[in-house]
2 protein chains.
Amino acid sequence: MNELTINLQPKSGVPLYEQIYCHIKKEIQEGRIASGEKLPSTRSLCRYLEVSRSTVELAYEQLLSEGYVEAKPCRGYFAAEIEGMYRLGQEEKTETGELKKPKEVYSYDFTPNGVDLKSFPYNTWRKLSKESLVDDRAELFRMGDSQGEYGLRRAISHYLYQARGVNCTPEQIIVGAGNDYLLLLLTTIIGQEHKVALENPTYKQAYRLFKSFSYEVYTVDMDEKGMEVTKLEESGADIAFVMPSHQYPLGIVMPIKRRMELLKWADREAGRYIIEDDYDSEFRYKGKPIPSLKGYDSHEKVIYMGTFSKSIAPAIRISYMVLPRPLLKQYWEKSSFLNSTVSKVDQLVLQRFMEEGYYERHLNKTRALYKSRHDTLLACLKSFQSKCRISGENAGVHLLLHFPKGMTEEELIQKAKTRGVKVYGLSEYYVEPEEEHAATILLGYANMSEEKIEEAVEILKQAWEIS
Amino acid sequence: MNELTINLQPKSGVPLYEQIYCHIKKEIQEGRIASGEKLPSTRSLCRYLEVSRSTVELAYEQLLSEGYVEAKPCRGYFAAEIEGMYRLGQEEKTETGELKKPKEVYSYDFTPNGVDLKSFPYNTWRKLSKESLVDDRAELFRMGDSQGEYGLRRAISHYLYQARGVNCTPEQIIVGAGNDYLLLLLTTIIGQEHKVALENPTYKQAYRLFKSFSYEVYTVDMDEKGMEVTKLEESGADIAFVMPSHQYPLGIVMPIKRRMELLKWADREAGRYIIEDDYDSEFRYKGKPIPSLKGYDSHEKVIYMGTFSKSIAPAIRISYMVLPRPLLKQYWEKSSFLNSTVSKVDQLVLQRFMEEGYYERHLNKTRALYKSRHDTLLACLKSFQSKCRISGENAGVHLLLHFPKGMTEEELIQKAKTRGVKVYGLSEYYVEPEEEHAATILLGYANMSEEKIEEAVEILKQAWEIS
């Protein structure tokens, strides 16, 4: 083939080489140039089409690199044989809108996972972001330390020492984008051969996560002091996932004796570990914060996890994990090649937020805010005590109402719902063979003003016929 | 016990309740108050110490909640029995500096993983960050969509359609903090029972990652068109990880015929999938970008992965994955409970960066920059062609020099090193039973000015005795 009639349109805005390329590609795709057929030489085609030779060459190069034509030395260009060409048929680009689930509308929502975002220090955060983006430009956008930036880890280790009684070095800390990610990472460190025990009821996210990795997962019942260690021993688990500072959802603060028993359990066999999820230890309304379990961990048995999602904002995807030294070694060997999941800019902003005293101020501010909401809610609930017992009131951002008789959880929730108040049942936190428990309602108050709390409790009172 | 002598210091700045709490705690810890011993009542102790009753109550509450004392109804407070108290001995907080590996110092570094950070649009990024932090405040700090924000996913789907020929909906896209994370996530979606084949040589990070999940991992040799499909078939793998647009490290652009063969391989058995890592498809110097393999994927067999680490900056921890519809269903069922790893603020900034045309401009700018570096490097290397063959020159940000005889890779690297130039050997990308290959050096140019390139090549010329 020496000629190839192409209807070139110099004024179309599409480069000539591209018009040639597209034409030939289409001819090959649609079989009008058969596979194996020789194409015109660049020299003859450029003469024929009255374009420059380099234009044709560029078109041929593109065809070559996409595999539509093949070059045979000293012989020229040939249409390639293209298997399964039908695949190229592109569907029309279809645009679909976001499939939104219809949202339920409530006037009041006692979610136990709320965070007050009005108190988020936007101005400070914006200022620090802006300053961080100016300083030290290029360095900030290079790939960072896979463990997290050293400066942030140092700030976290100071915080942990002062606020949580944890004595660890920055080398033991791994920063990651959320607790879920850190648990995923942990599975790469400890490997697959483990039996994990969680409290029952528990934080279901962790339960599902361990399950999704085909770990053997058990739940261990709790008494009023937390996970029962004899039952833990019976379960045969080698990893215990607990929330000693403030169990979710029960709000239990594990007493020191139980903590010691847990540590002893871990000590009894090599390879046993405790994962301590210290998710909302920042909020405690009576006395000083209780030291974390990790604070007593002199035998390197506790994997400590903390997050800024609760204490700053859920969208700040920064959590951290403190590894016992034996696991740290495994991390370095097996998993430290995995790149960090948190942007360096965000890490620097958070580091400065901590180092320059903003975090402390923010914690004190939100603690006071939550305390007054907590006190308001407790005061409003006074008349409820004829019908239910209240627990979980010393820490965290939710209370529990236990109704020993009368309505079921489902009824309580439904009656509130019809009046526009969303409340949460304890049952959904039980993982498996659900233990008998009194109908129990969780009331979270972090994201509700005192006025709203008063209004909502008044509605609940009517809904549940409390006099 | 009715008395408890505590040397209170009202002027010390430490609250009185805390002094009482600390004193009693220490007494119990050190055995001076035996376990089971009754403590003074709050009433008698406040009289004795001449403080308010609420001060003592606060101290006792703290001791109670930390488990040092127990309250027995109608009988009073008793020191708790504390198992293993020795654990409480805190080590002195030891401060250690960061353990820095001594860094090797080079005047010139031809890293194939470089990104030019001078061209990063700092002002735009800062402006968008600032604006994002003002608008719509609280909403931005709530927990976001676990798949990634819809707006960003829509922007990515537009980009993929226009630039990469991928026809997908935002519903198919999952945004995550880096490719490593997305591969981790993918393992939770597809489960553990898979045999994964990678190209050899390949991107080692992916290899290690699959290995760390106890997948069976194979490497499949490549010819000049990419992974050999017959060998892939022989390997028994059901998942193939490939880089068709620009193989790393060999720089091969997979021709359309091979792509079709790969897709046919995937079609032959249910459950087979291809992971297409399109990591630096943005940089191509001749003709139009080649459509991605996913663009031809009419049978839902290709898992597409893309990243902004190469095209914007490594520290921007945002990558994305396009799931075929059958896997999307599995994701929703099994893994969508895992929270997003990218902050909403960053997602919004990136979305606006794409929607408002900044991304396109940035890509064109860096493409031109890399092209001129690429051309300069090729021109400087002209005299090298007597000793070596050059490949990988059409795309990406590195070239390969193949030395069929003469020095070994190690010698080439060492001779460059002694003169302050860092170059990279191909051998380190081979995963297992290393195939015989000519000594091959990778020269990355993304992060080197043209002036530096000229200087460094001149040094290499001397080092390698090229005339």
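In chain B, helix 6 (residues 150-164) packs against helix 12 (residues 344-355) at an angle of about 35 degrees, and the two axes are 9 Å apart. The model is a predicted one. The crossing of helix 6 and helix 12 of chain B is left-handed. On the helix 6 side of chain B, the contact is built from G151(B), L152(B), R154(B), A155(B), I156(B) and Y159(B), while helix 12 of chain B brings in Q347(B), L350(B), Q351(B), M354(B) and E355(B). Sorted by class, this contact between helix 6 and helix 12 of chain B comes out at 6 nonpolar, 3 polar and 2 charged residues.

Chain A holds an open sheet of 8 strands, with the order 4-11-10-9-8-5-6-7 and mixed pairing. Strand 4 (173-176) and strand 7 (226-227) of chain A are the edge strands; each has a single partner strand, so one side of each has no neighbour in the sheet. Further in, strand 8 (residues 239-242) and strand 9 (residues 273-277) of chain A run parallel and are joined by 4 bridges. One of the pairings puts I239(A) together with Y273(A), its bridge partner in strand 9 of chain A. Helix 10 (residues 256-268) of chain A packs on this sheet, where it touches strand 6 (216-223), strand 7, strand 8, strand 9 and strand 10 (302-307) of chain A. The direction of helix 10 makes about 140 degrees with that of strand 9 of chain A.

A second open sheet in chain A has 4 strands in the order 12-13-16-15, this time with antiparallel pairing. Strand 12 (389-391) and strand 15 of chain A sit at its edges, each with a single partner strand, so one side of each is again left without a neighbour in the sheet. Going across from strand 12 of chain A, 3 bridges tie it to strand 13 of chain A in the antiparallel sense, and I390(A) stands opposite L401(A) in strand 13. Strand 13 (residues 398-403) of chain A then pairs with strand 16 of chain A, also antiparallel, over 6 bridges; here F403(A) stands opposite A439(A). On to strand 15 (residues 424-425) of chain A, which runs antiparallel to strand 16 of chain A and is joined to it by 2 bridges, with Y424(A) opposite L442(A).

Strand 16 (residues 439-444) of chain A is mostly covered, with 6 of its 6 residues buried. In a regular strand, side chains alternate between the two faces of the sheet. Here A439(A), I441(A) and L443(A) point one way, T440(A), L442(A) and G444(A) point the other way, and all are buried. Helix 14 (residues 409-418) of chain A lies across strand 13, strand 15 and strand 16 of chain A, running at about 40 degrees to strand 16.

What about the cores? In soluble globular proteins, nonpolar side chains tend to be buried together. The largest nonpolar core has 135 residues, and W464(A) and W464(B) touch the most other members. Leaving aside residues up to four places away in sequence, W464(A) touches F384(A), K387(A), L401(A), F403(A), M407(A), L412(A), K415(A), A416(A), V423(A) and I441(A).

T42(B), in helix 2 (residues 42-49) of chain B, is buried, as its relative accessible area is 7%. Beyond residues up to four places away in sequence, T42(B) touches R53(B), V56(B), E57(B), Y60(B) and Y77(B). In chain A, N200(A) and P201(A) are joined by a cis peptide bond with omega about 5 degrees, and P201(A) is in the loop between strand 5 (195-200) and helix 8 (204-212) of chain A. In chain B, a cis peptide bond joins N200(B) and P201(B), with omega about 0 degrees; P201(B) lies in the loop between strand 5 (195-200) and helix 8 (204-212) of chain B.

E50(A) has a phi of about 55 degrees and belongs to the loop between helix 2 (42-49) and helix 3 (53-65) of chain A. With a relative accessible area of 73%, E50(A) is exposed. E465(B), at a phi of about 50 degrees, is in the segment after helix 15 (450-463) of chain B, and at 56% relative accessibility E465(B) counts as exposed.

Technical notes
Residues are numbered from 1 along each chain as its sequence is written. Chains are lettered from A and ligands numbered from 1 in the order in which they are written. This is a predicted model: local features need pLDDT of at least 70, side-chain atom pairs count only at pLDDT 80 or more; totals for chains, interfaces and linings use all residues. Side-chain values use heavy atoms; hydrogens and water are left out. Axes are lines fitted to C-alpha atoms, for helices over the stretch in contact, and angles run from 0 to 180 degrees between N-to-C directions. A crossing is left-handed if the near helix is turned anticlockwise from the far one by less than a right angle, and right-handed if clockwise. Contact means heavy atoms within 4.5 Å. Ala, Val, Leu, Ile, Met, Phe, Trp, Tyr, Cys and Pro count as nonpolar, Asp, Glu, Lys and Arg as charged, and the others, Gly among them, as polar. A nonpolar core is a set of buried Ala, Val, Leu, Ile, Met, Phe, Trp, Tyr and Cys residues joined through side-chain atoms within 4.5 Å. Buried means under 20% relative accessible area, exposed over 50%, partly exposed in between (1.4 Å probe, protein chains only). Two strands pair if DSSP finds at least two bridges between them.
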